[in-house]
Amino acid sequence: MSSAAKLSDTTIVSSGATSLSPGADNPCWGGPEPNCHDLEYLLRVLSCGDNSSDTPQPNNITFSSPEDHSSFIQRIHKRLVIYQDENYLAIHKPADLRMDGQYRATLHKLLLYLFPPPSLQKLVADEMTNAGEEENSSNQAAAIERRHQFLLKSIAPLHKRNFLKDDPFRMIHQLDYATSGVLLLGKSRKATAVASQAFEERKTNKTYLAVVTNPPSSTSTNNLPLGKEFFERLPVIPSSSLDSWRDGSL
């Protein structure tokens, strides 16, 4: 991906933007309800933390106090963010998630929710004011929950990065829709250019891991294109190595 993509001078696209197609994706984290592909449902799944396998249908998002909201964000950060500093953000990209585009949930929209730039925060604040609501109202829990809803509504039409001139993140490389794994993003043009060059010049190291259940027997590999020797050379890892994935992220 080019690191020199020009930012738009427009602060934000009009709220009258064309409504988005729901897309035909059926993500592994989706649920049975009508809005199972929405960004809010993905947030619900991520906020389940290490206990998501015990909650096939995550609970609705409600905030009875400011502490609830803080805990909600922290759980998602813990599960998603691997590393960050002033130049870069490394995250664990969830499986079955588009990078961007006209889909209800994308990585781009997820990052906008977790790290809303000033222009997006102002848009949400203005919409709350226009609706006769204040973020510093006496009922803080209700105000936080309404802000959450306004933020989701404001993010929904933002399917391109240049819709916000102060969108902080730039994709240094990409992962396919179905692929989970480490994804590196830059926080500035300069940082993105340096890292992108490293990828282009193959100075980065990548490790791919596929976990296979019920491996073929030695006799059945004789008819496979890769041959018996290929399977014999595959490393075997102890089942305990998969403990951290028993939360359903695998």
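Modeller: Let us begin with surface patches. A patch is made of residues with over 30% relative accessible area and no salt bridge, and nonpolar side chains are joined within 5 Å. Please keep in mind that this is a predicted model.

Biologist: Which residues form a nonpolar patch on the surface here?

Modeller: The patch consists of I82, Y83 and V182, which together have about 320 Å² of accessible area. One of these residues, V182, belongs to strand β4, which spans residues 181-186.

Biologist: Is V182 exposed or partly exposed?

Modeller: The term exposed applies over 50% relative accessible area. V182 has 56% relative accessibility and therefore counts as exposed.

Biologist: Let us turn to charged residues. How many salt bridges does the structure hold?

Modeller: The general idea is that side chains of opposite charge can pair when their charged atoms come close. The structure holds three salt bridges. In one of them, the side chain of R104 meets that of D38, at 3.7 Å from N to O. R104 lies in the loop between β2 (88-93) and α3 (107-114), and D38 in the segment before α1 (39-47), so this pair ties together parts that are 66 residues apart in sequence. R104 counts as partly exposed, because its relative accessibility is 32%.

Biologist: What separates K122 and D126 within helix α4?

Modeller: K122 and D126 are four residues apart in helix α4, which means that about one helical turn separates them. Their side chains form a salt bridge, in which the closest N and O atoms are 2.9 Å apart. K122 is exposed, with a relative accessible area of 53%, whereas D126 is partly exposed at 33% relative accessibility.

Biologist: Which residue forms a salt bridge with K203?

Modeller: The partner of K203 is E201, and their side chains meet at 2.9 Å, N to O. K203 has a relative accessible area of 61% and is exposed; E201, with 39%, is partly exposed.

Biologist: Is the crossing left-handed or right-handed?

Modeller: The crossing in which α4 passes α5 is right-handed.

Key:
Residues are numbered from 1 along each chain as its sequence is written. This is a predicted model: local features need pLDDT of at least 70, side-chain atom pairs count only at pLDDT 80 or more; totals for chains, interfaces and linings use all residues. Side-chain values use heavy atoms; hydrogens and water are left out. Patches are made of residues with over 30% relative accessible area and no salt bridge: like charges are joined within 9 Å, nonpolar side chains (Val, Leu, Ile, Met, Phe, Trp, Tyr) within 5 Å. Accessible areas come from the Shrake-Rupley method with a 1.4 Å probe; for residues, only the protein chains shown count as cover. A salt bridge is a side-chain nitrogen of Lys or Arg within 4 Å of a carboxyl oxygen of Asp or Glu. Helices (H or I, at least four residues) and strands (E, at least two) are DSSP runs, numbered from the N terminus. Buried means under 20% relative accessible area, exposed over 50%, partly exposed in between (1.4 Å probe, protein chains only). A crossing is left-handed if the near helix is turned anticlockwise from the far one by less than a right angle, and right-handed if clockwise.
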